[in-house]
Amino acid sequence: MSMQATPSRPWEKEKIVRRNSGLTLLLGALIAYVIVLFTGFAGPDGWAVVLFALAATFTFFRNRRLSVKERKDSRARLLIAAASVIAFAPWISIFISVLFKGVKGLRPNFVVSDMRTTTPDDFLNMGGAAHAIVGSLLMVLIATVITLPLGILSGLYITEVRGRFSGVVRVVIQSMSGVPSIVAGLFIYTTFVDATGTFSALAGALALGILMLPTVARTSEEVLKLVPDDLRSAGYALGARQWRSTLIVVLPTVRSGLITAGLLGVARVIGETAPLLATALSNTSFVFNPVSGPIGSLPMYIFGMLQIGTENSINRAWTGALILLIVVFGLFSLARYVAGKDKR
Amino acid sequence: MENVDISERSELKGTQMNETTSNTAVLETEFAGLETRDAHAWFGNHHALAGVSLQFPARSVTGLIGPSGCGKSTYLRLLNRMHEFIPNAAMAGEVRLHGQDIYAPGVDPAAMRLKIGMVFQKPNPFPAMTIRENVLSGLRLAHIKVDDEESLLEKCLTRAGLWKEVKDRLNASGGSLSGGQQQRLCIARSLAVEPEVLLMDEPCSALDPGSTLRIEETIKELAEKITVVIVTHNMQQASRVSDYCAFFLTDGGPGYLVEADQTRKMFTTPNDSRTADYVQGKFG
Amino acid sequence: MHVVHSRGDKVFRGIVSAGALTSLILLGLIGAFLLARGIEVFNTSGFKFLTGSNWVAGSEDGVIPNDFSIGPMIVGTAIVSLIAMLFAVPMSMAGALYLEFYAPQNVRRVLVALLDLAAAIPSLIFGLWGVQVFTSFGERWAYFLSDRLGWFPLFSTISDNFGRSPFVAGCVLASLVVPITTSVAREVYSRTPRELVDTCFALGGTKWGAIRTVVIPFGKSGVVGGAMLGLGRALGETIAVYLLLNINFRYTFKILESEGGNVASLIATKFGEATPDEIKALVAAGFVLFILTLTVNMVASAIVTRSTKGAPA
């Protein structure tokens with residue numbers, strides 16, 4: 001008789017109960033909508049407030065037959081759910097706004113043209129942010145070329161060489177991760193920009209590098225720390241010198257981890273605006289020479305278009321934001337994918 | 001096919017245990033009111049336990065024994081609805097307390113768990129609480145008002161065999177006690193809400209032999225008033241503390257109940273040869 | 001490790017050490033540079049740099065003397081960050097508890113993935129959203145507050161302009177901080193020993209009982225650490241605040257009025273047309289900000305490390 005037993009979950013609410021509570025919620029939402037129509041409350045926020053008030057009243061009356069313990073439980077559930085909605089609403093709203101407002105200006109010309117012959121308020125089928133995308137890529141590339149080796153070497157210094165200054169290196173790197181981005185920009189502005197007499201991609205890249213280095217160094221250190229000592233000893237046992245052991249055993253083991261470190265560093269800085277304000281400034285056309293003068297970047301493009309404040313310029317800003325978000329999320333997903341490969 | 005046999009057999013044994021006990025002393029045959037009928041458990045698609053029917057004798061210690069992976073801990077957690085906290089868990093059959101299926105709709109699991117308490121494998125006093133707060137924590141959690149908390153505190157700690165050791169430092173942190181003391185504190189904590197049944201999931205597996213013996217004494221004393229169900233890996237422990245034993249086994253598939261009987265009989269003349277092999281340490 | 005180093009090893013160690021020391025020197029240089037400029041300004045302006053409320057760039061002939069101080073900026077930074085944390089901390093705790101204990105599994109999986117991405121949204125996009133989407137809501141709430149609670153000094157207003165106020169900027173900063181603090185809180189809550197939670201249920205407790213008795217006390221220090229991490233981010237945030245707050249050199253505690261102060265935003269506003277002396281003062285302001293965020297970050301990482309290492313005794 002028992003093999004006919006079918007798994008069930010009696011602790012879960014029955015379908016009809018779930019459907020009823022769903023219907024109740026829908027009804028509440030409708031009533032809230034009607035109340036919003038006829039009272040001073042307005043907009044989605046007013047609607048949410050009314051819905052919450054309705055839910056609270058409903059819970060209060062339904063709870064009257066429950067014990068104190070259950071009443072507190074259900075009150076906590078309602079409050080936690082409501083507070084979560086407030087916590088999650090902004091960034092969900094950001095995802096949605098960026099997607100819907102950004103898609104309007106997402107046309108082929110946006111990723112191939114620059115703004116040299118287009119004014120920001122021109123129709124969206126003219127001009128684009130290609131120069132800004134190229135500028136961002138150029139600066140991030142330079143920043144990566146400079147900081148990735150330095151960051152990895154710092155990690156190696158702490159974990160492999162274990163030199164005298166390991167502690168100092170770690171503390172300084174840790175503290176520099178707290179440098180406000182504008183301060184990094186100001187530093188390059190008063191030193192490098194002052195000395196060269198011009199804003200440039202190189203100046204921007206240096207400022208981004210300052211912000212990137214701590215991320216890369218810390219991630220590298222953490223990744224290298226995960227290499228078991230046995231593995232190193234195994235290298236030595238085979239008669240390998242430390243440098244060979246590091247190059248042949250340690251680094252290949254954590255290759256994807258180090259790639260992740262770089263990707264996270266890039267993702268950390270590619271959306272930075274404040275340091276570029278003081279170092280790279282912006283430009284309306286393509287610049288390929290890293291020392292020739294001001295250069296456009298995606299964040300500065302968005303920032304500039306937003307500041308101009310006309311309808312089409314703001315549309316351009318949203319489209320820029322959409323591209324920026326896609327790039328950042330792409331980098332993060334890539335980092336996670338690569339990091340995941342290491343574990344297997 | 002084979003599975004059908006198994007479940008029918010376990011059904012049979014469960015009933016048989018009842019018959020066996022009815023031949024013994026009157027006090028021992030009294031039914032604790034806790035029973036399972038054809039209980040199954042799943043984790044996702046993994047069928048972990050099949051067709052266990054068993055009635056628990058009152059005011060006695062029933063040991064659940066068997067090799068690891070045979071579903072005895074799963075079965076224990078099924079008895080007070082702790083099973084359902086595991087994601088994707090599912091079950092079938094009935095668990096009855098005084099004739100009422102505890103999985104029936106409308107049953108308040110929290111109220112039910114007040115009657116069927118649980119002690120876990122590792123001692124786990126609430127870290128942020130003093131000894132006193134730990135013992136009385138159940139009252140706060142269940143919103144039970146008690147007139148005389150001090151005497152309840154003393155009573156529970158005494159029954160758990162810990163009163164003499166801690167009566168002068170009730171406001172010390174629960175974490176300041178030794179492992180064995182912590183586990184007895186956890187027992188005292190479970191007793192404060194006055195359960196009828198106390199489930200224990202290998203309560204001594206994390207303890208040294210000395211502490212283990214103390215806990216075993218405590219368990220025997222507890223069984224004078226309440227029903228104890230204890231999962232144990234340790235044959236000696238089962239023979240020392242339990243009055244009844246239920247032997248679980250798996251053949252690679254879901255765990256099932258082989259037989260259940262008085263511990264004395266299980267360790268000397270069990271009905272099933274596999275039980276004999278297991279208690280003699282031939283496998284597991 | 002006892003390893004005999006060959007010449008190859010010495011070269012290897014030399015290269016690695018050189019790399020590490022370069023990073024050290026580069027980063028150290030910034031600190032030293034900021035420190036030097038900071039000391040310079042403190043020597044000329046003294047403590048008044050931190051308390052005064054003037055920002056006057058002197059004329060080249062010296063007729064008008066330099067007078068730089070950032071008192072209202074520091075207070076303003078504190079106010080905006082405080083508003084942000086006041087919203088962000090309870091909301092993130094609730095959000096984390098919801099994700100860990102209430103959300104259905106599939107909802108949870110989606111939200112957690114999105115939350116990780118949200119923590120990576122550049123602050124510029126928060127600023128853009130703040131200006132274009134949130135401000136209209138924020139203004140409405142500010143109007144509501146001043147209308148109903150205007151008798152309370154904090155909410156009193158003179159003008160009817162609620163945009164670009166510390167309140168609106170604080171709300172957007174809160175949105176910016178929430179993904180970070182929620183992630184940390186969720187991580188910490190998920191480490192609550194399963195058996196402690198189970199024990200609460202076994203003692204007849206409800207879900208809320210278990211959360212209150214075990215989960216929140218267990219996660220306390222981790223959540224505080226996460227909040228400090230968020231605070232560090234809020235204090236140093238430049239571009240979002242720049243877009244959402246009017247800078248004014250006057251001490252004000254009227255959070256609904258569209259004026260306030262912010263050190264990072266001040267730097268971004270002023271450096272473009274600054275005189276050489278003004279630049280020095282801005283660098284000194286940057287130094288003050290750096291020390292502020294550094295302190296907060298250090299405390300935060302100390303707390304987080306302590307709470308994630310070893311279980312409490």
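## Two domains in chain A

The C-alpha centres of domain 1 and domain 2 of chain A sit 42 Å apart. In this predicted model, local features need pLDDT of at least 70, side-chain atom pairs count only at pLDDT 80 or more, and totals for chains, interfaces and linings use all residues. Residues are numbered from 1 along each chain as its sequence is written, while chains are lettered from A and ligands numbered from 1 in the order in which they are written.

Domain 1 of chain A covers 16-103 and domain 2 covers 130-343, with bounds that come from an automatic or database domain assignment. Where the two touch, domain 1 of chain A puts in 5 residues and domain 2 of chain A puts in 5 residues; being in contact here means that the C-beta atoms of two residues, placed from the backbone, lie within 7 Å. The side belonging to domain 1 of chain A has 3 nonpolar, 1 polar and 1 charged residues. In this sorting, Ala, Val, Leu, Ile, Met, Phe, Trp, Tyr, Cys and Pro are nonpolar, Asp, Glu, Lys and Arg are charged, and the others, Gly among them, are polar.

## Two domains in chain C

Chain C is also split by its domain assignment, into domain 1 (7-46) and domain 2 (67-308). Their C-alpha centres lie 31 Å apart. The contact uses 7 residues from domain 1 of chain C and 9 residues from domain 2 of chain C. On the domain 1 side, you'll find 3 nonpolar, 2 polar and 2 charged residues.

## Where chain C meets chain A

This contact brings together 65 residues of chain C and 74 residues of chain A. Several helices of chain C each supply at least two residues to it, including α3 (71-102), α5 (123-149) and α11 (276-308). The top contributor on the chain C side is α1(C), with 15 residues. (Helices are DSSP runs of H or I with at least four residues, strands are runs of E with at least two, and both are numbered from the N terminus.) By class, the chain C side has 41 nonpolar, 21 polar and 3 charged residues.

## The largest nonpolar core

A nonpolar core is a set of buried Ala, Val, Leu, Ile, Met, Phe, Trp, Tyr and Cys residues joined through C-beta atoms within 7 Å. A residue is buried if 20 or more other C-beta atoms lie within 10 Å of its own, exposed if 12 or fewer, and partly exposed in between, with C-beta atoms placed from the backbone. The largest core has 277 residues, and A:Ile302, C:Ile125 and C:Ala285 touch the most other members.

α3(C) gives the most to this core, with 16 residues. As for C:Ile125, leaving out residues up to four places away in sequence, its contacts are A:Ile94, A:Val98, A:Ala321, A:Leu324 and A:Leu325.

## A look at chain B

Chain B has 12 helices and 10 strands, and 52% of its 284 residues are buried. Of its contacts with a separation of 6 or more, 71% join residues 24 or more positions apart. Chain B meets chain A through 17 of its own residues and 13 of chain A. β4(B) gives the most to the chain B side, with 4 residues, and that side has 8 nonpolar, 6 polar and 3 charged residues.

Two loop residues of chain B are worth a glance. B:His143, in the loop between α5 (131-142) and α6 (149-159), has a positive phi of about 55° although it is not a glycine. B:Glu194, in the loop between α8 (179-191) and β7 (197-201), has a positive phi near 55°.
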